[in-house]
Amino acid sequence: MENPMIFVRIATINDIKYVDEIIQETESSAIARGSGISKRTPESLAQKMRDEKAVIAVTSTGEWVGFAYFETWENDQFISNSGLIVAPKFRKSGVARAIKDRVFKISRRRYPQAKVFSITSGMAIMKMNTQLGFEPVTFAEITHDPNFWEGCKSCVNYDVLEGKKKCNCLCTAMLFDPEKIKQVQAQEFATESYQRYFSKTNLPS
């Protein structure tokens, strides 16, 4: 039998049926890695789907494949990309990358001025973040919204975060700053224009 096609799309209320499976796999994966994780309730994930703030991957036969979501903070100044999880049988297939790209692009399209951040202890996610333009930052550079940090209370490493006064933890914070990207692009454009001009004038070196 051929492998079924996989569709990566914005989650809807019809996908709420997958919530329990998503939560189960997220917790099992954290235990297997020996890492902490902020636990999500079924109600919170279901609400993300209702609000169209989640991306889901499913097969053409209706099997759940992967999931991630985003949330806005501080009057849309910041957006968190969170909760990326892929079912074990579909890992190392490129699905995680497709979901990550989709969540990031939706975040950027809907809130182009917002800074996008991700907190993770996973090397694979750090690599994907880096390729999208994220950079490692201190916790002081991401949202200070207490509701965001409230979600960390269910993590086994919360005492570490509290002990360090929310300045850092075992996770790495990564940030995509659209203003910084614009500055880099402007500098690159100026450099290219400068090089083109002098190559056309054939001035001696």
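The largest nonpolar core of this predicted model has 28 residues. Those with the most contacts inside this core are Ile-22, Leu-45, Met-49, Ile-56, Trp-64, Phe-67 and Ile-99. A nonpolar core here is a set of buried Ala, Val, Leu, Ile, Met, Phe, Trp, Tyr and Cys residues joined through side-chain atoms within 4.5 Å. Buried means under 20% relative accessible area, exposed means over 50%, and partly exposed lies in between (1.4 Å probe, protein chains only). Helix H1 (19-33), helix H2 (42-50), E2, E3, E4 and H3 each supply at least two residues of the core. E3 gives the most, with 6 residues. Helices (H or I, at least four residues) and strands (E, at least two) are DSSP runs, numbered from the N terminus.

Take Ile-22 as a way in. Leaving aside neighbours within four places in sequence, Ile-22 is in contact with Leu-45, Met-49, Ile-56, Trp-64, Phe-67 and Ile-85. Contact means heavy atoms within 4.5 Å. A second, separate core has 13 residues, including Ile-142, Phe-148, Leu-161 and Leu-175. In soluble globular proteins, nonpolar side chains tend to be buried together.

A word on the ground rules. Residues are numbered from 1 along each chain as its sequence is written, and side-chain values use heavy atoms, with hydrogens and water left out. Because the model is predicted, local features need pLDDT of at least 70 and side-chain atom pairs count only at pLDDT 80 or more, while totals for chains, interfaces and linings use all residues.

Now step back to the whole chain. There are 7 helices and 7 strands. From the N terminus on, the elements run β-α-α-β-β-β-α-β-α-β-α-α-β-α. Of the 205 residues, 40% count as buried. Among contacts between residues at least 6 apart in sequence, 67% join residues at least 24 apart.

Next comes the sheet. The 7 strands form an open sheet in the order E1-E2-E3-E4-E5-E7-E6, with mixed pairing. Two strands pair if DSSP finds at least two bridges between them. Strand E1 (6-10) and strand E6 (135-137) stand at the edges, each with a single partner strand, so one side of each is left without a neighbour in the sheet. The twist averages 25° from one strand to the next.

Follow the pairing from E4 onward. Strand E4 (residues 78-86) and strand E5 (residues 115-120) run parallel, joined by 3 bridges. In E5, Lys-115 is the bridge partner of Phe-78. Helix H3 (residues 95-110) packs on the sheet, touching E1, strand E2 (54-59), strand E3 (64-73), E4, E5 and strand E7 (172-176). The direction of H3 makes about 160° with that of E4. Axes are lines fitted to C-alpha atoms, for helices over the stretch in contact, and angles run from 0 to 180 degrees between N-to-C directions.

E5 and E7 pair in the antiparallel sense over 5 bridges. Here Ser-118 stands opposite Met-174 in E7. E6 and E7 also run antiparallel, with 3 bridges between them. In E7, Met-174 is the bridge partner of Pro-136. E7 is mostly covered, with 4 of its 5 residues buried.

Val-58 lies in strand E2. At 6% relative accessibility, Val-58 counts as buried. The C-alpha atoms of Val-58 and Phe-7 are separated by 5.5 Å, although the two are 51 residues apart along the chain. Not counting residues up to four places away in sequence, Val-58 touches Met-5, Ile-6, Phe-7, Arg-9, Tyr-18, Glu-63, Trp-64 and Val-65.

Met-126, Met-128, Asn-129 and Leu-132 are buried. Seen down the axis of H4, the buried residues fall within an arc of 165°, so they line one face of the helix. The arc is that of the directions from the helix axis to the C-beta atoms. These buried residues pack against E4, H3, E5 and E7. The face turned away carries the exposed residues Met-123, Ala-124 and Lys-127. Just after H4, Gly-133 takes a positive phi of about 105°.

Two loops end the tour. Most residues other than glycine have a negative phi. Glu-74, in the loop between E3 and E4, has a positive phi of about 50°. At 24% relative accessibility, Glu-74 counts as partly exposed. Lys-92, in the loop between E4 and H3, has a positive phi of about 60°. At 90% relative accessibility, Lys-92 counts as exposed.
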